[in-house]
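Thanks for coming. I have one structure to go through today, so please have a look at it first.

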Amino acid sequence: MRILLVIVVLVLMGCSSPSKKYDFTFFKWSIHECYYLKLNSSDTLYYIDVYGFKKETSFVILNKEEKERINNVLDTITFPKEQVFDSSVDDGVTNAFIIKIDNQSRKLKIHGHNGPKRFWFFGKLLEQIKNSYEFTKTNKKVDLNEIDKMVLMPVPPNFKVNIN
């Protein structure tokens with residue numbers, strides 16, 4: 001009887017669907033703050049503060065509930081075909097999202113209350129989660145190249161600064 005129970009348990013555990021492996025990056029810019037949040041399939045959330053001239057990386061281990069809240073959104077949210085919703089007004093808040101699953105990436109940049117409301121709500125959720133933790137500084141380098149291409153303006157060719 002015990003052997004049968006062990007076999008049933010092993011079969012049931014083997015039938016569970018594997019969790020998706022993903023790499024998710026969020027960017028927020030406003031006049032008051034500028035930061036990235038980076039999360040992969042683990043429970044570590046990286047916070048990269050780039051406000052002003054600093055670039056400080058910190059991390060926190062998410063509790064199970066927060067990790068599940070984020071995973072539920074990532075599993076259900078649908079990225080629109082359009083990748084940029086911009087505003088002609090320069091001030092306001094900019095949020096950018098990139099998720100990579102199985103070598104496919106989806107991107108979205110929203111600014112000035114334009115774009116899908118569900119992403120504005122998701123940005124607020126991520127900000128609430130960030131604000132509810134105390135992060136620990138680390139020297140780990142976090143790859144932000146792909147999202148930087150979306151949110152940073154390229155330096156024009158032949159750009160010169162005259163310091164005289």
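I'll start at a loop: His 113 lies between β7 and α3. Helices here are DSSP runs of H or I with at least four residues, strands are runs of E with at least two, and both are numbered from the N terminus. His 113 has a positive phi of about 65 degrees although it is not a glycine. It is exposed, with a relative accessible area of 67%. Exposed means over 50% relative accessible area, buried means under 20%, and partly exposed is in between, with a 1.4 Å probe and protein chains only.

Before going on, the conditions. This is a predicted model, where local features need pLDDT of at least 70, side-chain atom pairs count only at pLDDT 80 or more, and totals for chains, interfaces and linings use all residues. Residues are numbered from 1 along each chain as its sequence is written, and side-chain values use heavy atoms, with hydrogens and water left out.

Now the overall picture. The protein has four helices and eight strands, and from the N terminus on they run α-β-β-β-β-α-β-β-β-α-β-α. Of the 164 residues, 37% are buried. Taking contacts with a separation of 6 or more, 60% are between residues 24 or more positions apart; contact means heavy atoms within 4.5 Å.

Next, the sheet. In what order do the eight strands of the open sheet stand? The order is β5-β7-β6-β1-β2-β3-β4-β8, and the pairing is mixed. Two strands pair if DSSP finds at least two bridges between them. At the edges stand β5, residues 84-85, and β8, residues 136-138; each has a single partner strand, so one side of each is left without a neighbour in the sheet.

β5 and β7 run parallel and are joined by two bridges, with Val 84 opposite Lys 109 in β7. β7 and β6 run antiparallel, with eight bridges, and Asn 95 stands opposite Ile 110 in β7. β6 and β7 also form a hairpin with two residues between them. Asp 102, in that turn, has a positive phi of about 50 degrees, and Asp 102 is exposed, at 65% relative accessible area.

Then β1. It pairs with β6 in the antiparallel sense over eight bridges, and Tyr 22 has Ile 101 as its bridge partner in β6. β1 also pairs with β2, again antiparallel, over seven bridges; Thr 25 has Lys 38 as its bridge partner in β2. The hairpin of β1 and β2 has four residues between the strands. Six of the eight residues of β1 are buried. Further along, β3 pairs antiparallel with β4, residues 56-61, over six bridges, and Asp 49 stands opposite Glu 56 in β4.

On to the helices that lie on the sheet. α2 lies across β1, β2 and β6, at about 95 degrees to β1. α3 lies across β1, β2, β3, β6 and β7, at about 90 degrees to β6. Axes are lines fitted to C-alpha atoms, for helices over the stretch in contact, and angles run from 0 to 180 degrees between N-to-C directions.

Which residues of α2 are buried? They are Glu 66, Lys 67, Ile 70 and Leu 74. These cover an arc of only 100 degrees around the axis, which puts them on the same side of α2; the arc is that of the directions from the helix axis to the C-beta atoms. Their cover includes β1, β2, β6 and α3. On the other side of α2, Lys 64, Glu 65 and Thr 76 are exposed.

Last, the packing. A nonpolar core is a set of buried Ala, Val, Leu, Ile, Met, Phe, Trp, Tyr and Cys residues joined through side-chain atoms within 4.5 Å. The largest one has 26 residues, and those touching the most other members are Phe 24, Leu 45, Leu 62, Phe 97, Phe 122 and Leu 126. Elements giving two or more residues to this core include β1, β6, α2 and α3, and α3 gives the most, with six. Leaving out residues up to four places away in sequence, Phe 24 touches residues including Leu 37, Leu 74, Phe 97, Phe 122 and Leu 126. There is also a second, separate core of 13 residues, with Phe 27, Tyr 36, Val 50 and Ala 96 among them.
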